[in-house]
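Subject: Structure handover and notes on helix packing

Hello,

The structure I mentioned is below. My notes follow it.

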Amino acid sequence: MTDTSTKSYTLIDGRKIAGEIKQEIADKVVERRQAGKKIPHLAFILVGDDGASQTYVDHKVKACKDVGYHYTMMRFADTISEEKLSKHITAVNNDDDVDGFIVQLPLPSHISVERITDKIRPDKDVDGFTNRNFGSIISKVPLLMPATPFGVMELLRRYNIQTEGKNCVVVGASRIAGAPLSMMLVEQGHATVTICHKYTQNLKDYTQHADILLVAVGKPGLVTADMVKEGAVVIDIGTTKVDDPSKPNGFSIKGDVDFKNVAPKCTFITPVPGGVGPMTIASLLLNTLRATELRHP
Ligand code: NAP
């Protein structure tokens, strides 16, 4: 049981760190404006009228406004063909004024996410989803890093959590979260990394040896207290919407970790919401600034 009066862990405050990053970016935008340099311009491609996607894009648009970026919203009906969507992507790739863009996922089932992602120019791929950016994690000078893992690495860095030589266990191996995060922990963090996924036998055998446990699965309560080592750092990337009649909107967002029982064993832990989530948008803004600086130094 967690008793806030006796808690010994540090809560990793993603909202606070993301706010600091946004302020740093806003200052750089002012500097660029004063120097007569190009203001970053982020474009959003939204297909269909999925409510959750609209909400995510609204948050990203607000973040652009907060830091002084220019932005463009491009909306398409969910009946758009893959060929037509590809043509729009080519047009944005070639639009000199747009420095970065995102294609909000999910896409309708008749459109291949892989083929569409492949069409995005890597130096405008501010989500860091393209093969080029995924692969560039292992280069000395990465281009644009996958946004969510980039945000996790930044949280570790800003909380002075050492990764070098540490035993890191990543649960979840997706293309957008677990897999690139594992590579970043090795390449940039110099950690020893174990990657677990849904075929991993006896997950607890791995997690309980982790100095740093990072979870990106999407199954609330997957990680329980008995799976976590005393003194571990726990980073919960999972965000699952669950029914919650006690909330005005009828739902709450849950992570993959049983926070209440795991937190007392930790030195550091992220909450959900308010941990990794805000950092993903901050990373998107950082990538957009980098994309702009690369094209318009
Ligand atoms: P995903 O594509 O469904 O991948 C889930 C991963 O978890 C897969 O690698 C899967 O294994 C693995 N897995 C499934 N069941 C497992 C189990 N019982 N034990 C161990 N591993 C298991 O999901 P995702 O896109 O990576 O997202 C994961 C979670 O992170 C979701 O809740 C998502 O909403 C959240 N997320 C949050 C942010 C943010 O900004 N906060 C960003 C991205 C994702 P296989 O590879 O074998 O299928």
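Helices here are DSSP runs of H or I with at least four residues, numbered from the N terminus. The model is a predicted one. On that definition, I116 belongs to helix α4, residues 113-119.

**Around α4**

I116 is buried, at a relative accessible area of 1%; the cut-off for buried is under 20%. Leaving aside residues up to four places away in sequence, I116 is in contact with E82, L85, S86, I89, V103, L107 and I111. F259 is 143 residues from I116 in sequence, and their C-alpha atoms are 37 Å apart in space.

S112 sits in the loop that runs between β4 (100-103) and α4. Its relative accessibility is 16%, so S112 counts as buried too. A polar atom of the S112 side chain is 2.9 Å from the backbone nitrogen of R115.

**Helix α1 and its contact with α2**

α1 covers residues 14-34 and α2 covers residues 51-67. α1 has 21 residues, and the distance from its first C-alpha to its last is 30 Å, close to the 30 Å expected at 1.5 Å a residue. At the N-terminal end, α1 is capped by D13, with a side-chain oxygen 3.2 Å from the backbone nitrogen of R15. After the helix comes G36, which has a positive phi near 75°.

Two packed helices are described by the angle between their axes and the distance between the axes. For α1 and α2 the angle is about 50° and the axes are 8 Å apart. The two helices are therefore oblique to each other. On the α1 side the contact is made by K22, I25, A26 and V29, and on the α2 side by A63, D66 and V67. By class, this contact has 5 nonpolar residues, 2 charged and no polar ones.

The buried residues of α1 are G14, I17, A18, I21, I25, A26, V29 and R32. What do they pack against? The partners are α2, α6 (147-158) and α10 (277-295).

α6 has 12 residues and reaches 16 Å from first to last C-alpha, close to the 16 Å expected at 1.5 Å a residue. α6 is mostly covered, with 10 of its 12 residues buried. Those buried are A147, T148, P149, F150, G151, V152, M153, E154, L155 and L156. The elements that cover them include α1, α7 (178-187), β7 (212-215), β8 (232-236) and α10. α6 is followed by N160, with a positive phi near 55°.

How do the axes of α6 and α10 cross, and within what distance do they come? They cross at roughly 105° and come within 8 Å. The cut-offs for roughly perpendicular are 65 to 115 degrees, and α6 and α10 are therefore roughly perpendicular to each other. In this contact, A147, T148, F150, G151, E154 and L155 of α6 meet M279, T280, S283, L284, L286 and N287 of α10. The residues involved divide into 6 nonpolar, 5 polar and 1 charged.

**In short**

α1 and α2 are oblique, α6 and α10 are roughly perpendicular, and the buried residues of α1 pack against α6 and α10 as well as α2.

Regards

Technical notes: Residues numbered from 1 in each chain as written. Predicted model: local features only at pLDDT ≥ 70, side-chain atom pairs only at ≥ 80, totals over all residues. Heavy atoms only, no water. Axes fitted to C-alpha atoms, helices over the stretch in contact; angles between N-to-C directions. Parallel < 35°, antiparallel > 145°, perpendicular 65-115°, else oblique. Contact = heavy atoms within 4.5 Å. Nonpolar A, V, L, I, M, F, W, Y, C, P; charged D, E, K, R; others polar. Expected span 1.5 Å × (residues − 1). Buried < 20%, exposed > 50% of the residue type's maximum accessible area, 1.4 Å probe, protein only. Polar contact = N/O pair within 3.5 Å; in protein donor to acceptor, adjacent residues only side chain to side chain.
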